[in-house]
Amino acid sequence: MIGRQSFEEMKQQQPVEEDVQTNRYVECITDAIVAQVPPEYGYAPADWELVVFKNKEINAFALPGAKIGVYTGMVQLAQNEHQLASVIGHEVAHVLAQHSNARLSQQQLTQLGLTTTSLILGDSLDSNTQQAAMTALGLGAQYGILLPYSRLHESEADRMGQELMAYAGFDPREASTLWQTMAKQARATPPELLSTHPAPSTRIRQLDTQAASLTSTWQRVLAKGTRPNCDRLRPHQEK
Ligand SMILES: [Zn+2]
């Protein structure tokens with residue numbers, strides 16, 4: 001799978017956060033989210049691999065093949081476990097809904113000299129093709145041109161991501177808070193995440209509406225005693 005191959009390459013090329021506390025914090029949230037992925041998607045909780053990249057950029061991504069990358073810049077921007085869970089839930093949802101695969105259109109595959117078969121079989125790719133494919137998967141500005149997710153895919157990932165949050169015991173209302181913080185941040189230094197995840201103002205309203213409709217679900221989950229309680233692991237902010 002191209003997602004796996006790209007992820008291995010990223011791990012080799014980009015510094016990985018080694019701080020134990022930070023890793024435990026992000027793992028705690030990720031574990032809680034992926035535990036809620038319905039089995040029909042074909043992923044078991046243990047299938048997901050998380051890597052925290054030591055990078056000040058505000059970014060996170062998930063790739064086909066159940067790979068999740070979270071940048072330390074995003075860990076610091078998110079003010080609590082709920083907000084970071086909203087990003088991870090959203091990215092996991094992109095994978096579950098196969099949005100990356102949809103972005104790699106037939107035309108793009110042809111331009112890359114790839115076929116659907118070569119993606120499925122994981123044929124080894126030359127470095128140019130590999131990089132172009134990573135770009136197509138939305139891995140960020142450092143790989144050149146960007147293919148943002150469509151608004152439809154963004155809405156879908158928001159909805160599924162907030163559901164995963166609520167079922168995991170995270171407060172779905174915090175998703176809107178995080179995107180508002182990112183929008184504010186965009187006036188100074190645009191978060192890298194926004195280049196692949198456009199955030200029009202309508203999105204904040206949708207997130208609020210969905211959070212309201214998920215409140216009873218979330219309350220029921222809390223009443224059953226499901227509380228991730230990852231904030232106890234949250235590392236102190238670097239000043
Ligand atoms: Zn997105």
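Colleague: At roughly what angle do the axes of helix H10 and H12 cross?

Modeller: This is a predicted model, in which local features need pLDDT of at least 70 and side-chain atom pairs count only at pLDDT 80 or more, while totals for chains, interfaces and linings use all residues. Residues are numbered from 1 along each chain as its sequence is written, and side-chain values use heavy atoms, with hydrogens and water left out. The axes, which are lines fitted to C-alpha atoms over the stretch in contact, with angles from 0 to 180 degrees between N-to-C directions, come within 8 Å for H10 (residues 174–185) and H12, and they cross at roughly 165 degrees.

Colleague: How is H10 oriented relative to H12, roughly parallel or roughly antiparallel?

Modeller: Angles under 35 degrees count as roughly parallel and those over 145 as roughly antiparallel. With the axes crossing at roughly 165 degrees, H10 is therefore, relative to H12, roughly antiparallel.

Colleague: Ala66 has a positive phi although it is not a glycine; is Ala66 buried or exposed?

Modeller: Most residues other than glycine have a negative phi. Ala66, with a phi of about 65 degrees, lies in the loop between strand E2 (60–63) and strand E3 (67–71). Because buried means under 20% relative accessible area and exposed over 50%, Ala66, at 1% relative accessibility, counts as buried.

Terms used: Helices (H or I, at least four residues) and strands (E, at least two) are DSSP runs, numbered from the N terminus. Buried means under 20% relative accessible area, exposed over 50%, partly exposed in between (1.4 Å probe, protein chains only). Angles under 35 degrees count as roughly parallel, over 145 as roughly antiparallel, 65 to 115 as roughly perpendicular and the rest as oblique.
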